[in-house]
Amino acid sequence: MTLVNRKQISLYEEAEAGLNSLVKQTAQVGVGLLGILLLTGGSPPALTVGLSVVGGIAFVAWSEEKRLTKFYARQTQLIQNSVIASETKQSQLKHHPVIASGTKQSQIPNTSESEPTKFEGRQSQLPNSSESELLANDIKQILEADTDNLSELMKQAGLNPDKDLAGADLSSVKAVGCKLSRFNLSGADLDNTDLSRTDLSFANLSNAKLTNVKLCRADLSGADLRNALLMDADLSFADLSDADLSGADLINADLSNANLSNANLHNANLTATNLSTANLSDANLSSANLSDADLSNADLSNANLSTAKVESSRFGNNAGLSEDAKYELQNRGAIFPQDFPQDERILEYEL
């Protein structure tokens, strides 16, 4: 709370307290006068009336002085406490520029425009590993902060989202629901992180380590995931539409119910990947390793499966697959429900 607000509240409190005190004192003086009237039978002597008036005024003055003394003593203490707290906070911010986990955006001090940014692009300027570890710790705390504007929070902390996250060690971070749209996380270590429901649309995650990452219901539309390591990743219900996953390693990943429409999965490793009920319409799966993958109920409308390795891949109830396409996939080792004997199916395809 600012000193201005404190002053406004203090004035209000003083007026309210003064009014209450006046009412109380008037009532007390009135009771005293009523007592004198009763004792004198309603006809008090002039001397008694004069002494009563003087005594009432003295009582009111004494009570008011006592109240004000206590009031101003309390206000002085509050102001001193506020100053001490402010100085302590400024000292902490001076030595610890990064806001601790859980800090709200409204609590972050604005960086002076005339003051140069101390940490901008500092990753490329780090002289030793200890500073690199410090940077990674700073970024982890920011990613875990409870804020609606992560980009602004990073800027307030003196970090550059386009440089300082690239190649950073962010393993095991819990940043559920963060807004990282268009951030540069290329080459970053995000193993075992929890990024569920995170907005990573159009983010650069090329060559990033994302083993065992939680990206359930995350927005990765248009993201660059070329050559990313996504083994055992949870991408269920994630939006990967228009994403570039060429060369990505998705062994044993969970992409069930994911939206991969128009995604580029050329030469991606999808061995034992769960793609059941996924939307793969218009996706490029050419030269992908789909061995042992589960594609049951997946939408494959206009999907490019040419040269895809489909040995032991499980298909079934796929929208967009013609009978000829099914025969061809079975001939290459894919598994379909046994609606008719395999030999007849292959024979009909060959004819």
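L245 touches L225, L230, L240, L250, L260, N264, L265 and A268, leaving out residues up to four places away in sequence; contact here means heavy atoms within 4.5 Å. The model is a predicted one, where local features need pLDDT of at least 70 and side-chain atom pairs count only at pLDDT 80 or more, while totals for chains, interfaces and linings use all residues. Residues are numbered from 1 along each chain as its sequence is written, and side-chain values use heavy atoms, with hydrogens and water left out.

Helices are DSSP runs (H or I, at least four residues), numbered from the N terminus. L245 counts as buried because its relative accessibility is 2%; buried means under 20% relative accessible area, exposed over 50%, and partly exposed in between (1.4 Å probe, protein chains only). S221, at 14% relative accessibility, therefore counts as buried too.

Each has a partner further along the chain:

| Pair | Separation in sequence | C-alpha to C-alpha |
|---|---|---|
| L245 and N264 | 19 residues | 5.5 Å |
| S221 and D239 | 18 residues | 5.6 Å |

Setting aside neighbours within four places in sequence, S221 is in contact with S201, F202, D239, L240 and S241. The side chains of S221 and D219 are also joined by a polar contact of 2.7 Å, that is, a pair of N or O atoms within 3.5 Å, where within protein one must be able to donate a hydrogen and the other to accept it, and residues adjacent in sequence count only if both atoms are side-chain atoms.

**The nonpolar core**

Which residues touch the most other members of the largest nonpolar core? They are L220, L225, L230, L235, L240 and L250, in a core of 68 residues. Such a core is a set of buried Ala, Val, Leu, Ile, Met, Phe, Trp, Tyr and Cys residues joined through side-chain atoms within 4.5 Å. Both α3 (129-143) and α4 supply at least two residues of this core, and α3 gives the most, with three. In soluble globular proteins, nonpolar side chains tend to be buried together.
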